[in-house]
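Subject: Structure handover

Hello,

Here is the structure I promised to pass on. Please open it and keep it in view while you read.

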Amino acid sequence: MGTLKDRLITDMRTALKARDDMTTSTLRMALAAVGTAEVAGQAKRELGDDEVLALLAKEAKKRREAAAAFAEAGRDEQAAKETAEGVVLERYLPSQLSDDELAEAVTTALTAGGFTGMGQMGPAMKAAQAAVAGRAAGGRVAAEVRRQLAS
């Protein structure tokens with residue numbers, strides 16, 4: 001298949017033909033975000049798959065946070081809509097690491113970098129984030145790095 005952006009366009013057209021309003025509107029929103037990112041800066045450029053993937057992860061995180069905020073405010077209908085949008089975006093993201101896989105990846109990154117104490121949290125986080133490559137939420141990675149550096 002082509003690029004991730006091409007896949008989004010193809011899937012949006014398929015959803016449009018199937019009259020799947022939720023998928024269509026979510027993918028339109030995602031493609032609008034990609035288009036905005038492409039024209040940001042000095043000159044228009046085509047985003048690579050890694051950049052599109054990062055943008056989709058950011059959009060999915062926005063949906064999770066918005067759903068939690070709406071649910072907390074008692075707006076269940078809006079929370080359900082945000083959750084459904086998040087589910088559509090999750091289809092395009094790599095599968096998330098389990099807790100055991102995350103612990104193993106962080107241990108490997110910390111050992112390779114020689115990080116031993118909490119004073120090295122910043123560089124250790126950078127190494128751990130590179131090791132998991134978007135397959136775990138930043139908060140989970142930070143918690144695991146903190147746990148391992150503290151012990």
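Below is what was found in it, from the overall fold down to single residues.

**The overall picture**

Please keep in mind that this is a predicted model. The chain has 151 residues, and 33% of them count as buried. It holds 7 helices and 0 strands. Read along the sequence, the pattern is therefore simply α-α-α-α-α-α-α. The C-alpha trace spans about 55 × 45 × 30 Å along its principal axes.

**The nonpolar core**

Start with the largest nonpolar core, which has 17 residues. Which of them touch the most other members? They are L8, L27, V52, L56 and Y92. Helix α2 supplies the largest share, with 5 residues.

**The largest pocket**

Next, look for the largest pocket. How is such a space found? Rolling a probe the size of a water molecule over the atoms shows where empty space is left. Here the largest pocket holds about 510 Å³ of space. Its lining is made of 18 residues. To find the centre on screen, select A57, Q96, G134, A136 and A137, which lie nearest to it.

Two elements give two or more residues to this lining, α3 (49–72) and α7. Helix α3 gives the largest share, 7 residues. What is the lining made of, nonpolar, polar or charged residues? The lining divides into 8 nonpolar, 5 polar and 5 charged residues. Both domains take part: domain 1 (4–91) and domain 2 (99–150) each give at least three residues to the lining.

**Salt bridges**

The structure holds 14 salt bridges.

*D11 and R7.* Their side chains meet in a salt bridge, at 3.9 Å from N to O. Both residues lie in helix α1. They are 4 residues apart, about one turn of the helix. D11 has 23% relative accessibility, so D11 counts as partly exposed. R7 is partly exposed as well, with a relative accessible area of 30%.

*E144 and R147.* Here the side chains meet at 2.6 Å, N to O. Why are these two separated by about one helical turn? Because they are 3 residues apart in helix α7 (residues 138–150). E144 counts as buried, at 12% relative accessibility. R147, by contrast, is partly exposed, with a relative accessible area of 49%.

*The network.* Some residues are joined in a network of salt bridges. Its members are E59, K62, R63, K81, E82 and E85. Select these six names together to see how they are linked.

Finally, go to R19. It has a positive phi of about 60°, although it is not a glycine. Where does R19 lie? R19 is in the loop between α1 and α2. Is R19 buried or exposed? R19 has a relative accessible area of 74%, so R19 is exposed; the cut-off for exposed is over 50%.

Then show L8, L27, V52, L56 and Y92 in the core. Move on to the pocket, with A57 and Q96 among the residues nearest its centre. End at R19, in its loop between α1 and α2.

Best wishes

Notes:
Residues are numbered from 1 along each chain as its sequence is written. This is a predicted model: local features need pLDDT of at least 70, side-chain atom pairs count only at pLDDT 80 or more; totals for chains, interfaces and linings use all residues. Side-chain values use heavy atoms; hydrogens and water are left out. A salt bridge is a side-chain nitrogen of Lys or Arg within 4 Å of a carboxyl oxygen of Asp or Glu. Buried means under 20% relative accessible area, exposed over 50%, partly exposed in between (1.4 Å probe, protein chains only). On a 1 Å grid over the protein atoms alone, a cavity is a set of points where a 1.4 Å probe fits but cannot get out, and a pocket is an open set with protein on both sides within 12 Å along at least five of seven lines; lining residues have an atom within 4 Å of a point. Grid points are joined across faces, edges and corners, and a volume is the space filled by probe spheres set on the points. Ala, Val, Leu, Ile, Met, Phe, Trp, Tyr, Cys and Pro count as nonpolar, Asp, Glu, Lys and Arg as charged, and the others, Gly among them, as polar. Domain bounds come from an automatic or database domain assignment. A nonpolar core is a set of buried Ala, Val, Leu, Ile, Met, Phe, Trp, Tyr and Cys residues joined through side-chain atoms within 4.5 Å.
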